[in-house]
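Here is a short briefing to read alongside the structure. Please keep the 3D view open as you go through the points.

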Amino acid sequence: MKGPQRSEDGARAALAAAQSNLAVARQQLDASVRLYAAGGISELERKTAEAAFEAAESQVAAAEAQVAGADEQAGYATVVSPIDGVVSSRLRQQGENVRVGDEILSIVNGATLELSGQIGVGEASRVRVGA
C-alpha cells in the first residue's frame, strides 16, 4: 500500500503548494489593481498579474483533481474483510497483482471456533461444556 499512499501524499502536497501560490497571486493581483488605479503601473502589468492569478487558480483545480484521483486509487488498494478476526495465513505477497475476488489472506473468526479431537475414555468424565 505504499505506492497508492505515496501518490496520495504527493497529490496533497502539490495541492498545498498550488493553494499557497494562489494566495500569493491574489495578493499580487490586489496590489496591481490598486497600483494601476493610482497610475503606478501600466495596464500590461495589471493584466500580467490577472493572468498569473488565473493560472494559479487553474493549478489549484488541477491539483484538486489529482487528489481526487489519488484518493480513488487508494480506495482500490484497500482490503476489507467481511468478518472480524485474526490473519491466520497470507496467500499472496506484497507487490503481487491481484484481482477483485482473489483470496489474499485467511482470517480466523475467534467468535466462532470449533474444536474437534479425541480424548481417552478415562478423561471423558472430566470434560465439561464451556470449561
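Which residues are linked with R46 in a network of salt bridges? The network joins R46 to E43, K47 and E50. Please bear in mind that this is a predicted model. A search of the whole structure finds nine salt bridges, and some of them are described below.

**R46 and its surroundings**
- R46 and E50 form a salt bridge in which the closest N and O atoms are 2.4 Å apart.
- Both residues belong to helix α2, and because they are four residues apart there, about one helical turn separates them.
- R46 is buried, with a relative accessible area of 15%, whereas E50 counts as partly exposed at 27% relative accessibility.
- R46 also lies over the face of Y36, at 4.8 Å from the ring centre.
- As for pairs between aromatic rings, the count comes to zero.

**The nonpolar core**
- The largest nonpolar core has 13 residues, and L15, L22, F53 and V60 are those with the most contacts inside it.
- Two or more residues of this core come from each of α1 and α2 (43-76).
- Helix α2 gives the most to this core, with seven residues.
- Not counting residues up to four places away in sequence, F53 touches L22, A25, R26 and L29.

**E8 in helix α1**
- E8 is found in helix α1, which covers residues 2-37.
- Is E8 buried or exposed? E8 counts as buried, because its relative accessibility is 14% and the limit for that label is under 20%.
- Leaving aside neighbours within four places in sequence, E8 is in contact with A70, D71 and A74.

- D102 forms a salt bridge with R92, with 3.8 Å between the closest N and O atoms.
- Both D102 and R92 sit in the loop between β1 (86-90) and β2 (105-108), ten residues apart.
- D102 is partly exposed at 24% relative accessibility, and R92 is partly exposed with a relative accessible area of 28%.

- A124 is placed in helix α3, residues 121-124, and is partly exposed with a relative accessible area of 40%.
- The C-alpha atoms of A124 and A55 are separated by 82 Å, the two residues being 69 residues apart along the chain.
- E123 forms a salt bridge with R126, and their closest N and O atoms are 3.0 Å apart.
- E123 is partly exposed, with a relative accessible area of 42%, whereas R126 is exposed at 62%.

Definitions and conventions
Residues are numbered from 1 along each chain as its sequence is written. This is a predicted model: local features need pLDDT of at least 70, side-chain atom pairs count only at pLDDT 80 or more; totals for chains, interfaces and linings use all residues. Side-chain values use heavy atoms; hydrogens and water are left out. Rings of Phe, Tyr and Trp (its six-membered ring) pair if their centres lie within 6.5 Å; planes under 30 degrees apart count as stacked, over 60 as edge-to-face and the rest as tilted. A charge sits over a ring if NZ of Lys or CZ of Arg is within 6 Å of the ring centre and within 35 degrees of the ring normal. Buried means under 20% relative accessible area, exposed over 50%, partly exposed in between (1.4 Å probe, protein chains only). Contact means heavy atoms within 4.5 Å. A nonpolar core is a set of buried Ala, Val, Leu, Ile, Met, Phe, Trp, Tyr and Cys residues joined through side-chain atoms within 4.5 Å. A salt bridge is a side-chain nitrogen of Lys or Arg within 4 Å of a carboxyl oxygen of Asp or Glu.
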